[in-house]
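This report describes a few helices and single residues, and what surrounds them. The structure is shown first.

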Amino acid sequence: MAKEFRGPGKDVVKKVWQELGLNEERVKESVEALKKWLAMEPHLPEESGSLHEARLERWLIRCKNSMERTKQSIDLYYTLKSLCPELMCDWNPRSKWYQDAVKTLCWFPMPEPTPEGDRVTMIKYLTKDAINYTHEDLVRSCTMANEVRMCEEYCFSDIYVLDLENYTLGHASRITFTAAKKAEICFLDAFNTRLKAFHFINAPSCAEVLIWILKAVLNPKLISKVYVHGKDLTNFRKQVPRMCLPDDLGGTGGSLQENWNLWLKKVDSYHNWFKQHENFKSDESKRQGGALNADDLFGFDGSFKELNVD
């Protein structure tokens, strides 16, 4: 039976702190420094409260205790909410677009972390019918999942498992390089996902384009972490603990559908928070040094231009 998603225990938190040279006092000092920095940036929104502080702490952890990198990531996050609203706004789990999206693809973290403190995220196309498949809406629903994790998660790194059992040419025809690059910037730069491995499983021949595009947008270091498996999952199961896989894949973490249902309830519990948070985005008219636009950020080829922070 599937369990509800849970944050890390104190042992995992201490293990992460130890790896990054942190302790409770240094974490508090860093969060306060980030709050002061945000207050001095006129183009960034003013947030407050314990959840805001928790998210700042997780940004720091995801950025490996680098203040400069954390500031860049936070600035980019709010900037993308202004300049890339098709992926970073209208985070409403009760909206029609979301209800349609979650019927075509699931994206959720498994409830138990690995013994090393990593988190396995399952992704699967739920139907072979691609008529209602919208790449942007599916990525947007996934950024919502990342937002929930930013409020509750604490892990060393991420292991993604994309099950392509139901992937078809109809899905393959909907994705573009630019859309994939924007998604990559959202996940790896704004949320600073620390990718340990990305496993494609049950990959049909028509998935070659998807895998090629993914490798095209990733840097060489991350490309080496991409693994493609066909129907034979023997090697895959050696790399991911059974406790962190759904029963459907030979794991012991409960069925995929049970986990997906529990995660949908988790996301829905953030409905009011998503609504309140909708307008927390950058005001580019107030940015020191001049406003940015989408071309400044992505370039015509979708390439990310790094933000400079003080």
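## Helix packing and selected residues

The axes of helix 3 (residues 50-62) and helix 7 come within 7 Å and cross at roughly 100°. That angle makes helix 3 roughly perpendicular to helix 7; the term covers 65 to 115 degrees, while angles under 35 degrees count as roughly parallel, over 145 as roughly antiparallel and the rest as oblique. Axes here are lines fitted to C-alpha atoms, for helices over the stretch in contact, with angles from 0 to 180 degrees between N-to-C directions. On the helix 3 side, Leu51, Ala54, Arg55, Arg58, Trp59 and Arg62 meet Glu147, Arg149, Met150, Cys151 and Glu152 of helix 7. By class, this contact of helix 3 with helix 7 has five nonpolar, no polar and six charged residues.

The model is predicted: local features need pLDDT of at least 70 and side-chain atom pairs count only at pLDDT 80 or more, whereas totals for chains, interfaces and linings use all residues. Residues are numbered from 1 along each chain as its sequence is written, and side-chain values use heavy atoms, with hydrogens and water left out. Helices (H or I, at least four residues) and strands (E, at least two) are DSSP runs, numbered from the N terminus.

### Helix 1

Which residues of helix 1 are buried? In helix 1 (residues 10-20) they are Val12, Val13, Val16, Trp17 and Leu20, where buried means under 20% relative accessible area, exposed over 50% and partly exposed in between (1.4 Å probe, protein chains only). The buried residues of helix 1 pack against helix 2 (24-39) and helix 3, contact being heavy atoms within 4.5 Å.

### Helix 13

In helix 13, the buried residues are Leu256, Asn259, Trp260, Trp263, Lys266 and Val267. They cover an arc of only 115° around the axis and therefore lie on the same side of helix 13. Their packing partners are helix 6 (96-101), strand 1 (105-109), strand 2 (119-125), helix 7 (135-152) and helix 14 (271-277). At 1.5 Å a residue, the 13 residues of helix 13 (residues 256-268) should span 18 Å, and the end C-alpha atoms are 18 Å apart, which agrees. The expected span is 1.5 Å times one less than the number of residues in the helix.

Gly253 lies in the loop between helix 12 (234-239) and helix 13. Thr143 has its place in helix 7, and Leu188 is in helix 9 (residues 177-190).

| Residue | Relative accessible area |
|---|---|
| Gly253 | 8%, buried |
| Thr143 | 0%, buried |
| Leu188 | 16%, buried |

The contacts that follow leave aside neighbours within four places in sequence. Gly253 is in contact with Ala2, Met110, Arg242, Met243, Leu245, Asp247 and Asn259. Thr143 is in contact with Leu87, Met88, Trp91, Cys186, Phe187 and Phe191. For Leu188, the partners are Thr193, Leu218 and Leu222. The C-alpha atoms of Leu188 and Leu218, 30 residues apart along the chain, are separated by 9.5 Å.

Methods. The arc is that of the directions from the helix axis to the C-beta atoms. Ala, Val, Leu, Ile, Met, Phe, Trp, Tyr, Cys and Pro count as nonpolar, Asp, Glu, Lys and Arg as charged, and the others, Gly among them, as polar.
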